[in-house]
Each structure stands twice: as C-alpha cells, then as structure tokens.
Amino acid sequence: DIEPAFLRRCIGMIVTPNGDIVIQTAKDGICVSRDQGATWSVVANNNIKGRCESFSMPYPYDGRMAFFAYDGAGNTAGGMSLDDAKTWKPFTQINRGAVFGDVDWNTHDPKILFGLTHEPYYSVLSNDGGKSWRQINSSETGSGPEINYCPGVLDAKTLLRGNPNEDIIEMSTDGGGTWSQVTNYRTLARQPVHYGRNLYWATANGVIVITTKHGKAGPT
C-alpha cells in the first residue's frame, strides 16, 4: 500500500526483535510494517529521506534506532527515533550527508554521533544529537585514507575507527583530536554492534569485544 523508491544499493532496513520492519526510503523516508511485511505505512511527519547505507541501534532493544543517509531530499543526514520508529529526529545534513555513522547509546537521548560524510569523505562529530556537526581533523583531504574509516562510539569520550583495508583499529579519547592504535585487527563490518556498554565488532580474526574496564578502553 506504499511505493517506496530506492537509489542504488539502499540497505536502510532494521528488523526489530519484536518483529517490526523499519525501512528508510528515498521517496517516503521512514516506512514501517508492524505485521511482518504484510502491510506498510509511512511514518507521519518524517523527513529522513535519501540514500541510506548504515544504521545503528542498541541491544537489548528498547525502541531506539538511527539511520545515516546522504543525498537526502529533505536536507538531512538521516535521523534517530527513541520510541520504536513512531517519531523521528532528523540529523542536519553536512556536505552530501553521512555514509556511515555510530551513536553513543549510553544515554537515553544520545547527543554524541560520529560519522563519515560522503564525497568528500570527512570525519565529523556531533555533540547535540545531530543538530550540528564539526569536522574533527582538518588534515583530512576528503579523498585520502579517511574514505575507508568505519566509525564506532564506545561512550561520550571514546571514539573508534576501523579500516577494512588495513589491520588496524584506532581509538580517540579527546573527540577525535588524536588517535592511537589499540589492536591490529582488520574490521569486516562497517560498524560495531552495541550490547549494553560493550561493542562487538566483526573482524578478519573473528568477533572482538571492545569495552571499558578500570577506566581504560580496549578490545578483548
């Protein structure tokens, strides 16, 4: 009963543990099925349009989720829902939008978002839930090694980035100002999976857990 339009390889789909299917479309933005795909509806007043290539959500599932998108007709870079996809807060567009991103799910209404813009590729950070963004490394050219960065957020102070082309995962504890290598694993997944306060990341060596113990973050 709707006609969603997709551009290229749109993978904006979340299947929640309660069986709902939430998709991000180029034409209608967020669309939801509450009956395993038998019928669909467009979420009222949403403006989360564009080309989605990544999403993030916390586990155990509590109704929160986020899509990251670029080339949005609504001038957004995706958006976030705190109420099981019923309402959405848009992320302000920066450059063409966000091709990949992650969220600090440790607070109910997250403020820290770490993303990678699309063409040019810049690492960007939001401290206000996506209302505004800043480029965190002025030395990035937009077409260098940053094009392969895979963002992760452990907590409000700890950012992570992997690279599917290099055996390295790096960590920053100062909002992306400086980075240090924490492991030599090569990430396969573009983003980590959040479970509680831990991150689970698929790598070429298997799934690793990144957690904070005794005030220090690191993989196990």
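I began with strand S3 (residues 29–33), which is joined to S4 by two bridges and runs antiparallel to S4. Strands here are DSSP runs of E with at least two residues, numbered from the N terminus, and I take two strands as paired if DSSP finds at least two bridges between them. Looking for the individual partners, I found Val-32 bridged to Ser-41 in S4. The sheet is open, has four strands in the order S1-S2-S3-S4, and pairs in the antiparallel sense. Strand S1 (13–15) and strand S4 (41–42) are at its edges with a single partner strand each, so one side of each has no neighbour in the sheet.

**Entry on the source.** I note that this is a predicted model, in which local features need pLDDT of at least 70 and side-chain atom pairs count only at pLDDT 80 or more, while totals for chains, interfaces and linings use all residues. Residues are numbered from 1 along each chain as its sequence is written, and side-chain values use heavy atoms, with hydrogens and water left out.

**Entry on S15, S16 and S17.** I then followed strand S16 (residues 169–172) to its partners. Strand S15 (residues 158–162) runs antiparallel to S16 and is joined to S16 by four bridges; the two form a hairpin with six residues between them. S16 also pairs with strand S17 (residues 180–183), again antiparallel, over three bridges. Glu-170 in S16 stands opposite Arg-161, and Glu-170 also stands opposite Gln-181 in S17.
Is S16 buried or exposed on its two faces? Both faces are covered, since Ile-169 and Met-171 on one side and Glu-170 and Ser-172 on the other are all buried, where buried means under 20% relative accessible area with a 1.4 Å probe and protein chains only. In a regular strand, side chains alternate between the two faces of the sheet.

**Entry on aromatic rings.** I searched the whole structure and recorded five aromatic pairs. Phe-68 and Phe-91 form a tilted pair, 5.4 Å centre to centre with 35 degrees between the planes; rings of Phe, Tyr and Trp (its six-membered ring) pair if their centres lie within 6.5 Å, and planes under 30 degrees apart count as stacked, over 60 as edge-to-face and the rest as tilted. This pair links distant parts of the chain, with Phe-68 in strand S7 (residues 65–70) and Phe-91 in strand S9 (residues 89–92), 23 residues apart. Phe-68 is buried at a relative accessible area of 0%, and Phe-91 is buried at 0% too. I also noted a cluster in which ring pairs link Phe-55, Phe-67 and Trp-88.

**Entry on Ser-123.** Ser-123 is in strand S12 (residues 123–126) and is buried, with a relative accessible area of 1%. Leaving out residues up to four places away in sequence, I listed its contacts (heavy atoms within 4.5 Å): Ser-123 touches Phe-114, Gly-115, Leu-116, Arg-134, Gln-135, Ile-136, Glu-140 and Tyr-149.

**Entry on the second largest pocket.** S19 gives the most, with three residues.

Note on methods. Buried < 20%, exposed > 50% of the residue type's maximum accessible area, 1.4 Å probe, protein only.
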